[in-house]
Amino acid sequence: MKIDDRYFEKSVQSKLAEHETDVRSDLWAAIESQLPVNTAIRKVPLYRRVIGYSAAAVTVGIVVAIVLWQTPDHQLPAPIITENDKGVLEIVQPQPATFHTSTASAATSLDSRSVSVAAESETEVMASFTNMPTTATHETEAVVSVADHMSKPGHTARTPQDEKTYRQKLDEFEHAGRNLKAKGKIPDAPEHSQKGAGIQLGMMAANASPGSSQNSARAIRTKIPTMLAAQHNPVYHFDHSMPISAGITVTKTLPQNWALESGLVYTYLYSKYRSNNGNGSQELHYLGIPLNAIYRFARIKRFSFYAAAGGQVDFYLAGRQKDEGYDEGISGSGYKELKHENVQFSIQANLGAAFTLYKQTELYLEPYMAYYIENNSSIHNVWKDKPFNFGLTLGIRTGF
Amino acid sequence: MNERELIEACKNNDPRAQKRLYETFARKMMSVCLRYAGNREMAEDFLQEGFIKVFSSIQSYNYEGSFEGWIRRIFVNTALESLRKNDLLRNGVELDTLDTQQEVDYSTIDRISADELMELIAQLPPGFRTVFNMFAVEGYSHKEIAQVLHITESTSRSQYTRAKRVLQKWIKELEQ
């Protein structure tokens with residue numbers, strides 16, 4: 001080799017060895033989206049995450065069940081005696097015989113109309129004592145105070161003033177009793193006679209409405225770099241299929257037509273995406289824990305109607321994307337497991353109609369609306385692209 | 001963070017370290033890719049694929065030799081692999097029409113800038129350009145080039161000589 005040749009090559013090397021060229025600013029984003037995820041997070045295998053989430057859900061369910069189980073359906077009767085009455089008035093459980101005597105005694109000084117009223121009152125009083133409503137209200141206090149008044153020792157010797165007071169209180173008592181009956185607080189049959197512990201178990205399935213959106217290439221995590229490199233800033237169009245959910249629910253019946261519902265709900269999300277340099281599909285799996293407060297506002301024969309509101313937290317279980325490129329002779333397909341999905345919170349409101357099939361077993365249908373709160377996840381799904389969603393739940397529940 | 005710490009962080013898939021490594025070498029490696037690709041679009045493909053290979057195989061770097069040299073080899077190999085895969089190393093245009101017996105004034109190389117030289121190299125047909133880059137810039141021998149490109153040593157020598165003469169001619173034309 002001539003000396004001139006070596007000189008030429010050295011000159012070329014010296015000129016080009018340190019030469020630099022500008023790089024497009026968005027190239028790093030395309031590279032980053034294809035890099036392996038942080039091993040520190042990837043170290044937790046999927047089955048462990050599933051076990052962890054399930055254990056957390058079961059723990060929460062058990063705790064809620066125990067708390068609800070220990071909560072009495074009925075509040076204890078409110079104290080009748082105030083601080084001022086202490087030492088003055090002694091509460092004596094009225095004996096039916098005594099009560100009857102005092103009522104009859106009062107009735108002897110009244111006309112025939114009064115007698116019939118007193119007889120009716122007696123029935124009301126007896127009903128009140130056997131069917132004490134759940135919560136102590138001023139009406140119930142009135143009932144008991146009348147009973148006390150009538151059962152007081154030495155009460156048989158009445159003055160006209162006493163009789164007037166007695167009749168006034170009797171009227172008040174009667175009025176209070178009617179009010180209670182009108183409000184349904186004195187049911188014909190005990191409300192919880194067939195409810196047992198007030199726990200209901202159910203199975204449900206739900207569908208929400210599908211959606212679509214346009215997103216940048218950041219949403220795609222492909223193993224085929226040429227797919228992204230072939231065109232700068234490709235825009236992908238997502239078509240989200242209808243989300244499908246299925247799960248089990250536990251409902252605790254509370255006083256006054258209220259109930260609390262929780263459970264475990266699995267949700268499957270499927271989407272397809274397309275662009276001018278590649279198509280693909282995406283599958284996502286979630287496990288959710290709902291918590292809803294339910295109020296039954298109407299019962300008509302075997303139908304009951306209720307409204308519910310609450311929230312749900314969905315834990316990401318697994319997901320993957322399948323790419324199918326068809327770019328100018330560079331084509332292929334590959335799966336990409338998706339990681340790093342954040343917890344998804346949502347709030348929802350339902351309207352439900354239940355049909356009693358047998359005893360406490362009922363079939364229900366619930367249209368619902370839900371709002372999914374932004375969780376800054378890099379994965380695009382129907383909840384992210386269509387946060388406000390409507391759906392329909394069909395389920396069956398039974399009580400114990 | 002020194003180079004060793006940066007490498008260790010990249011071995012642990014630390015996203016910040018990966019970005020920093022990219023920022024450190026991207027412009028230099030883009031120049032390497034552009035020399036082999038001949039156009040920016042293909043060079044960006046090479047750059048993207050090369051960095052993915054760097055990060056996915058960085059565990060195998062054991063600190064023998066310079067890190068930049070290790071990275072540069074990955075980019076050169078990525079470019080060669082892609083050119084070979086896409087059958088771009090065949091020269092569609094022959095340079096036989098040139099007078100290879102003409103006198104060569106090698107001092108002309110000193111009279112142009114690196115950017116101008118890059119532009120002239122980019123105009124060479126892919127096969128000539130690849131041999132020129134491998135021999136004149138990367139320092140491969142003709143034997144190594146022959147093995148990598150699946151050509152004979154004499155073909156490698158011949159293509160290099162022709163590429164050099166053509167470049168010299170173009171440099172002269174550039175000066176006029």
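This is a predicted model: local features need pLDDT of at least 70, side-chain atom pairs count only at pLDDT 80 or more; totals for chains, interfaces and linings use all residues.
Residues are numbered from 1 along each chain as its sequence is written, and chains are lettered from A and ligands numbered from 1 in the order in which they are written.

Chain A holds 10 helices and 11 strands, where helices (H or I, at least four residues) and strands (E, at least two) are DSSP runs numbered from the N terminus. Of its 400 residues, 26% count as buried; a residue is buried if 20 or more other C-beta atoms lie within 10 Å of its own, exposed if 12 or fewer, and partly exposed in between, with C-beta atoms placed from the backbone. Among the contacts in chain A with a separation of 6 or more, 70% are between residues 24 or more positions apart, two residues being in contact if their C-beta atoms, placed from the backbone, lie within 7 Å.

Strand 9 (residues 344-358) of chain A runs antiparallel to strand 10 (residues 361-372) of chain A, and 10 bridges join them; two strands pair if DSSP finds at least two bridges between them. These two strands form a hairpin with 2 residues between them, and A:Lys359 in the turn has a positive phi of about 50°. On its other listed pairing, strand 10 of chain A is joined by 10 bridges to strand 11 (residues 388-399) of chain A, again antiparallel.

A:Ile347, which is found in strand 9 of chain A, is partly exposed because 13 other C-beta atoms lie within 10 Å. Leaving aside neighbours within four places in sequence, A:Ile347 is in contact with A:Gly311, A:Ala370 and A:Tyr371, and its C-alpha atom is separated by 6.3 Å from that of A:Gln312, 35 residues apart along the chain.

A:Ser281 lies in strand 6 (residues 278-300) of chain A and, with 16 C-beta neighbours inside 10 Å, also counts as partly exposed. Beyond four places in sequence, A:Ser281 is in contact with A:Ser271, A:Lys272 and A:Lys322.

Turning to the two chains together, 28 residues of chain A are in contact with 29 residues of chain B. Helix 1 of chain A gives the most to the side of chain A that touches chain B, with 9 residues. That side has 14 nonpolar, 8 polar and 6 charged residues, where Ala, Val, Leu, Ile, Met, Phe, Trp, Tyr, Cys and Pro count as nonpolar, Asp, Glu, Lys and Arg as charged, and the others, Gly among them, as polar.

Within chain B, helix 3 (residues 40-57) and helix 4 (residues 67-85) pack at an angle of about 130°, with their axes 9 Å apart; axes are lines fitted to C-alpha atoms, for helices over the stretch in contact, and angles run from 0 to 180 degrees between N-to-C directions. The two helices of chain B are therefore oblique to each other, as angles under 35 degrees count as roughly parallel, over 145 as roughly antiparallel, 65 to 115 as roughly perpendicular and the rest as oblique. Residues that meet in this packing include B:Phe46 and B:Val54 in helix 3 of chain B, and B:Ile71 and B:Phe75 in helix 4 of chain B.
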